[in-house]
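Here is a short report on one model. It covers a helix pair, a sheet and a single side chain.

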Amino acid sequence: MKRIWLKLALAFMAVGVGAVLITTLLAVKEMDDHFLMYTDEVKSQQSEEIVQAALTAYRDSKGWDRQAFWQLEAISSVLGLHLVLYDPQGSKLGEWGQVTGAGADFDRATQSITLYDDKQTVVGRIGISHKDQNAYKALEGHFQWAHKNTAIWTTAVLLVLVVLLCIPLARSMVRPVEQVSAAAQQVARGNLQVRVPAPEQKDEMASLVLAFNHLVASLNEQEELRKRLTSDIAHELRTPLNTLLAQTEGMIDGIWEASPKHLERTRAEVLRLIRLVNDLDQVIQVEAGALPIRREQVLLRAIVEEVSEAMHVAFARSAIQFQLEGGQDAWITGDRQRIAQVITNLLTNACKHTAPNGRIAVTIAKSADSVRLDVRDNGSGIAPADLPHVFERFYRGDRSRARERGGAGLGLTIAKGIMEAHGGTITVESSLGAGTVFTLLFPVR
């Protein structure tokens, strides 16, 4: 199978050779036509000079006499022409440059020119025929041979240049494709560190290389995320499973009494494990774009009021002041339960990271094209190094304290997926010691 660069080189050669040959043929034809026009013009000027010479002889001799005939004979002999002179009545007066045979060696076309004296009186008519082998025919043949010979050599040189230039040009154009192909084979074998050098020219080939490198980088990132997800899932499941195993073995061995209190702890670990599995299932649905979403008209403020009412005890326990502003006409289209899940997650996180006597405020504002919900707290805030990763699965800024507070690092990942499923966005702004602001943007219904 031919390589792509060879096919491209052959295509370039075909176009180049065709262009050179067509140009050469057109140049040769055009030159021949112009040379014929030149020779015809020379013949016309020659005929005019012959007519002028004949009229001069006529005027000098005051008629057609032997002196005039000698001049015409000399012109015919010198120029190699066939001349025939007629009187005004059409009778032949003389013929010079006689030929053997019917017009042998002479052109078939014969010029017949009427002769006028100074008073515009017809004094005769002269016929002029040119030999095929006269000096002009020889000059014409020599010129055409030289021109065609030059065209042939020029064409040969151009064809060689086309061949020599097309091969490296095709190789240079196809080289990025070959590099991408070789790199793709390495990626298929599992090497996600391979990259293709970007061409210096900013063209489609450079865009192809950059897109390939970006794709491989994304695959590498996804592979790292997959490995980390597997490790995090194993780590998250190991803790409740080990606790359940220890409690169960303690009950079996009689070390741990199966009292209602101990059984409640076991039940709490089972519920924790169930919640983790449910969260994992939602994360998988979110990342696969398969999260089921209902479409109904809901008032965003009503959802916030329901969630805040359910969390009233949690706010009171930490002496946190909760405040809701705006949103009396903020209608959106979406899944009521899913949106409540997002708001619950944000308020729960704010409650966990806000000190007693702190403040949590929810503000709803409607614009022409969106509905905005801000969840603001004056809690501990998020470190700048952790801020870009808060929506990543299993990510926790302080792992040692986050586990004690019951977080698995999946809530914000799920919240982001729910917002994207609604065609909205979720963003965060925070600074240590100054609090955090999560912003939800919903498209208007």
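In this predicted model, helices α8 and α10 cross with a left-handed sense. Their axes come within 9 Å and cross at roughly 145 degrees. From α8, the contact draws on Arg 338, Gln 341, Val 342, Asn 345, Leu 346 and Asn 349. From α10, Gly 411, Leu 412, Ile 414, Ala 415 and Ile 418 take part. By class, the contact has six nonpolar, four polar and one charged residues.

Helix α10 spans residues 411–421. Its buried residues are Leu 412, Thr 413, Ile 414, Ala 415, Gly 417, Ile 418 and Met 419. After α10 comes Gly 423, with a positive phi near 80 degrees.

Now the sheet. Five strands make up an open sheet with mixed pairing. The order is β6-β8-β9-β11-β10. At the edges are β6 (321–326) and β10 (425–431), each of which pairs on one side only. From one strand to the next, the twist averages 10 degrees.

Strand β9 has pairing partners in β8 and β11. Both pairings are set out below.

| Pair | Residues | Sense | Bridges |
|---|---|---|---|
| β8 with β9 | β8: 359–366 | antiparallel | seven |
| β9 with β11 | β9: 370–377; β11: 435–443 | antiparallel | eight |

β8 and β9 form a hairpin, with three residues between them. Across that pairing, Ile 364 has Leu 373 of β9 as its bridge partner. Towards β11, Val 371 is bridged to Phe 442. Val 375 stands opposite Phe 438, also towards β11. How many of the eight residues of β9 are buried? Six are, and the strand is mostly covered.

Last, one side chain. Phe 315 sits in helix α7, which covers residues 312–317. Is Phe 315 buried or exposed? Its relative accessible area is 4%. The cut-off for buried is under 20%, so Phe 315, at 4%, counts as buried.

What does Phe 315 touch, leaving aside neighbours within four places in sequence? It is in contact with Ser 308, Ile 320, Phe 322, Leu 347, Cys 351 and Ile 360. One of these contacts, Leu 347, is 32 residues from Phe 315 in sequence. In space, the two are 9.6 Å apart, C-alpha to C-alpha.

How values were computed. Residues are numbered from 1 along each chain as its sequence is written. This is a predicted model: local features need pLDDT of at least 70, side-chain atom pairs count only at pLDDT 80 or more; totals for chains, interfaces and linings use all residues. Side-chain values use heavy atoms; hydrogens and water are left out. Buried means under 20% relative accessible area, exposed over 50%, partly exposed in between (1.4 Å probe, protein chains only). Helices (H or I, at least four residues) and strands (E, at least two) are DSSP runs, numbered from the N terminus. Contact means heavy atoms within 4.5 Å. Axes are lines fitted to C-alpha atoms, for helices over the stretch in contact, and angles run from 0 to 180 degrees between N-to-C directions. A crossing is left-handed if the near helix is turned anticlockwise from the far one by less than a right angle, and right-handed if clockwise. Ala, Val, Leu, Ile, Met, Phe, Trp, Tyr, Cys and Pro count as nonpolar, Asp, Glu, Lys and Arg as charged, and the others, Gly among them, as polar. Two strands pair if DSSP finds at least two bridges between them.
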